[in-house]
Amino acid sequence: MLNLTFKDGESVMIGDNMRVYVENIHEGRARLRFDCDTTVPIWRREIWEKIHMDKLAEAGVIDNQG
């Protein structure tokens, strides 16, 4: 795992095509801006997990009733 520290306005490149900006840090919360092609899916982790759990349930791999 890579841990980086940023100040407001700094950014990081992910690959050649995605730049993530630290827009603002306030009261322990960071606001990020993603600059990449609009076809790149970007999800909050909890939404990503829900989508994948639903797909597994639809495939009959897990029981996602609870």
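Trainee: How many aromatic pairs does the count come to here?

Mentor: Good place to begin. In general, two aromatic rings are described by how far apart their centres lie and by the angle between their planes. In this structure, which is a predicted model, the count comes to zero aromatic pairs. An aromatic ring does take part in another kind of arrangement, though: the charged end of arginine 33 sits over the ring of tyrosine 21, 4.0 Å from the centre of that ring.

Trainee: Before we follow that arginine, can you help me with the sheet? In what order do the strands come, and is the pairing parallel or antiparallel?

Mentor: Three strands make an open sheet, in the order S1-S2-S3, with antiparallel pairing. Strand S1 (11-14) and S3 are the edge strands, each of them pairing on one side only. On average, neighbouring strands of this sheet are turned by 25 degrees against each other, direction ignored.

Trainee: How many bridges join S1 to S2, and which residues are partners?

Mentor: S1 and S2 run antiparallel and are joined by four bridges. Among the partners, serine 11 goes with tyrosine 21 in S2, and valine 12 goes with valine 20. The hairpin of these two strands has three residues between them, and glycine 15 there takes a positive phi near 65 degrees.

Trainee: And how many bridges pair S2 with S3?

Mentor: Seven, again in the antiparallel sense. One example is histidine 26, which stands opposite arginine 29 in S3. The hairpin of S2 and S3 has two residues between the strands, and here glutamate 27 takes a positive phi near 50 degrees.

Trainee: Which residues is valine 20 in contact with, leaving aside neighbours within four places in sequence?

Mentor: They are Glu10, Ser11, Val12, Ile14, Leu32, Arg33 and Phe34. Val12 is also the bridge partner of valine 20. For a sense of distance, leucine 2 is 18 residues away from valine 20 in sequence, and their C-alpha atoms are 15 Å apart.

Trainee: Now the charges, please. How many salt bridges does the count come to?

Mentor: The idea is to look for a side-chain nitrogen of Lys or Arg within 4 Å of a carboxyl oxygen of Asp or Glu. That count comes to four salt bridges. One of them brings us back to arginine 33, whose side chain meets that of glutamate 23 at 2.7 Å, N to O. Because arginine 33 lies in strand S3 (residues 29-35) and glutamate 23 in strand S2, the pair ties together parts that are 10 residues apart in sequence. Arginine 33 is partly exposed at 39%, and glutamate 23 is partly exposed at 37%.

Trainee: Which residue forms a salt bridge with lysine 50, and where do the two lie?

Mentor: The partner is aspartate 54, with the closest N and O atoms 2.9 Å apart. Both lie in helix H1 (residues 45-58), four residues apart, about one turn of the helix. Lysine 50 is partly exposed at 48%, as is aspartate 54 at 25%.

Trainee: And which residue does arginine 44 form a salt bridge with?

Mentor: With glutamate 46, where the closest N and O atoms are 2.8 Å apart. Arginine 44 counts as exposed at 61% relative accessibility, whereas glutamate 46 is partly exposed at 43%.

Methods:
Residues numbered from 1 in each chain as written. Predicted model: local features only at pLDDT ≥ 70, side-chain atom pairs only at ≥ 80, totals over all residues. Heavy atoms only, no water. Contact = heavy atoms within 4.5 Å. Phe/Tyr/Trp six-rings, centres within 6.5 Å; stacked < 30°, edge-to-face > 60°. Lys NZ or Arg CZ within 6 Å of the ring centre and 35° of its normal. Buried < 20%, exposed > 50% of the residue type's maximum accessible area, 1.4 Å probe, protein only. Pairing = 2+ DSSP bridges. Axes fitted to C-alpha atoms, helices over the stretch in contact; angles between N-to-C directions.
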